[in-house]
Amino acid sequence: MKLIQILGPGCARCEKLKQNAEEAVKRAGIEATIEKITDINVMIGYGVMMTPAIAIDGEVKAAGRVLSPEEIQQLLI
């Protein structure tokens with residue numbers, strides 16, 4: 001099972017990234033937990049300075065932009 005974390009303050013772009021992650025998981029047919037992280041200290045701990053960001057299994061894969069479901073799906077394979 002994958003752990004997908006969406007890091008951001010809760011803006012519309014963060015919510016869109018979360019929705020895209022949910023769609024990517026569905027399309028990939030895998031099991032994953034998607035969690036939203038809004039704590040700035042946790043984001044800094046990951047080295048994230050631009051939001052939204054996405055981390056998969058604890059590794060930041062992208063920051064500062066909203067990945068499409070297709071882009072996220074490629075990261076999950």
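Is cysteine 11 buried, exposed or partly exposed, and what is its relative accessibility? Cysteine 11 counts as partly exposed, with 29% relative accessibility; here buried means under 20% relative accessible area, exposed means over 50%, and partly exposed is in between (1.4 Å probe, protein chains only).

Keep in mind that this is a predicted model, where local features need pLDDT of at least 70, side-chain atom pairs count only at pLDDT 80 or more, and totals for chains, interfaces and linings use all residues. Residues are numbered from 1 along each chain as its sequence is written, and side-chain values use heavy atoms, with hydrogens and water left out.

**The two cysteines**

- With a disulfide taken as a pair of cysteine sulfur atoms within 2.5 Å, the count comes to zero disulfides.
- Cysteine 11 is in no disulfide, and its nearest cysteine sulfur belongs to cysteine 14, 3.0 Å away.
- Cysteine 14 is likewise in no disulfide, with the sulfur of cysteine 11 at 3.0 Å.
- Cysteine 14 counts as buried, at 0% relative accessibility.

- Helices (H or I, at least four residues) and strands (E, at least two) are DSSP runs, numbered from the N terminus.
- Two packed helices are described by the angle between their axes and the distance between the axes.
- The axes of α1 (residues 12-28) and α3 (residues 69-76) come within 8 Å and cross at roughly 55 degrees; axes are lines fitted to C-alpha atoms, for helices over the stretch in contact, and angles run from 0 to 180 degrees between N-to-C directions.
- That makes α1 and α3 oblique to each other, since angles under 35 degrees count as roughly parallel, over 145 as roughly antiparallel, 65 to 115 as roughly perpendicular and the rest as oblique.
- On the α1 side, the residues that meet α3 include Leu17, Ala21 and Val25, while Ile72 and Leu76 are among those on the α3 side; contact means heavy atoms within 4.5 Å.
- Sorted by class, this α1 and α3 contact has eight nonpolar, two polar and three charged residues. Ala, Val, Leu, Ile, Met, Phe, Trp, Tyr, Cys and Pro count as nonpolar, Asp, Glu, Lys and Arg as charged, and the others, Gly among them, as polar.

**Two residues to look at**

- Asparagine 20 sits in helix α1 and is buried, with a relative accessible area of 7%.
- Leaving out residues up to four places away in sequence, asparagine 20 touches Val66, Leu67, Ser68, Pro69 and Ile72.
- Isoleucine 77 lies in the segment after α3 and counts as exposed, at 76% relative accessibility.
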